[in-house]
Amino acid sequence: MAIHLGCIADDFTGATDLANTLVKQGMRAVQMIGVPDATIDVCDAEAVVVALKSRTIPADEAVGMSLKALAWLRQNDAQQIFFKYCSTFDSTYEGNIGPVGDALLQALGADVTVVCPAFPAAGRSVFNGYLFVGDQLLSDSSMKDHPLTPMRDSSLIRLLEAQSTHRAGLVAHDVVERGAGAIAERMRALHEDGHRYAVVDAIADDNLVAIGEACDGLALVTGGSGVAMGLPANFRRHGALGAARAARLPSAKGGRAVLAGSCSVATRGQLAHVSSRWPSFRLDPLKMAEGLDVADEARSWAKTAGEELPVVIFSSDSPSAISEIQDRLGRAEAGAMVERTFGRIAEGLVREGVRQLIVAGGETSGAVVEALGIQALEIGTEIDPGVPWTTTLGSPNLALALKSGNFGAEDFFSKAFAMLDG
Ligand code: ADP
């Protein structure tokens, strides 16, 4: 069976969020960890999301990786390609959304594509081409202090044009309100006027559905997971989808752990929520920098921390504490060092019998999944908007929740494990 929608996501939690959106719209979705090798069987998947870890790597590497993913998806007959990035447009000064978008446009011979990171359910909306997080502009939100991708501008047109060789124009909210036909017409007009990117306003799910419909037949769609909400309906209208399957909860049983490398406000609130109830261990990056084996220390602690309750291991800290370590080591180096430590801790925990694992942080999730050698995930029941439980396919068999830093309610961790008790 051919894949209908082939997706390339620039980080792991983003990929899960996207696959989750497609599953909720009745599409059978499988998430691949990294560019799949030729032998992987996608069975009856109608959408495949290839999860890359390409958000903050050098732009040329991100482009190369994304083109490899594209080649695999096209070999498997993907009819439409979706390039997924974060709903807060997380990018470095060099990219990587623009360079990857440009390369995909060229490889697919596509005229024009949409740019829409909006995800109103999680408070991300686009209006007049500006990205908002809740009631704040992106550049006023906590994203201005992100450890790897500080966002200091909120204009999507400016951000994209700085990263791309093409021009970007606006499909404003009044056009979006007029529906799919009006959006498609405005996109055609933008293309005729020399634009290859159409930044589309969206402040409500209805807008995303209309944008999705306007994308019917486009070779390339780009955006956050929200804009994928409207895509399955196009395939359904064309009679291409099978009967929808209900999402399932994972069945893996064993120890429980939370690994949090996200320093986002939401994750820090979620950690505070459980800190007085569950055994918690703080990873100290300064000790890592001194060459101490912090991973080993954390693994030994986890062994004695009690069988009954989930163990929580976190490096999350305030922006000022993060700046201090970044000033000493460099931004990317500090992040990579902490991520490596989480990878080693995850290996140890799984060896000791942890089978139900929550990871907070996109980059952190990428590092953990890589260290555990996980190749593919079946997307299960949603915990909070954008974050489902998943079951790993193959070995090790785990219940895994990969949470993008800013996602989830304050009680996310306890709610997630309580779902598995049922
Ligand atoms: P989010 O989803 O919130 O963006 P990520 O895991 O993607 O979270 O990014 C957080 C980054 O910050 C990771 O690279 C992580 O290793 C790094 N990090 C975590 N804790 C610290 C810390 N205490 N000091 C410096 N960097 C840290």
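Predicted model: local features only at pLDDT ≥ 70, side-chain atom pairs only at ≥ 80, totals over all residues.
Let me begin with the largest nonpolar core, which has 120 residues, and in which Leu22, Phe89, Ile211 and Ile313 are the residues with the most contacts inside it. Helix α13, residues 331-351, gives the largest share of this core, namely seven residues. Both domains take part, since the core draws at least three residues from domain 1, 5-237, and at least three from domain 2, 255-421. Apart from this core lies another one, of 22 residues, with Leu271, Ile358, Ala360 and Phe412 among them.

Now to one of those residues, isoleucine 211, and what surrounds it. If we leave aside its neighbours within four places in sequence, isoleucine 211 is in contact with Cys116, Val176, Ile183, Val200, Asp201, Ala202 and Val227.

That brings me to strand β10, residues 195-200, and to a question: how much of this strand is buried? Five of its six residues are, and strand β10 is therefore largely enclosed by the rest of the structure.

As for its partners, strand β9, residues 167-171, pairs with β10 in the parallel sense over five bridges, and within that pairing valine 171 stands opposite valine 200 in β10. Strand β5, residues 113-116, also runs parallel to β10 and is joined to it by three bridges, with threonine 113 standing opposite tyrosine 197 in β10.

How values were computed. Residues numbered from 1 in each chain as written. Heavy atoms only, no water. Core = buried A, V, L, I, M, F, W, Y, C linked by side-chain atoms within 4.5 Å. Buried < 20%, exposed > 50% of the residue type's maximum accessible area, 1.4 Å probe, protein only. Helix = DSSP H or I, 4+ residues; strand = E, 2+ residues; numbered from the N terminus. Domains from an automatic or database assignment. Contact = heavy atoms within 4.5 Å. Pairing = 2+ DSSP bridges.
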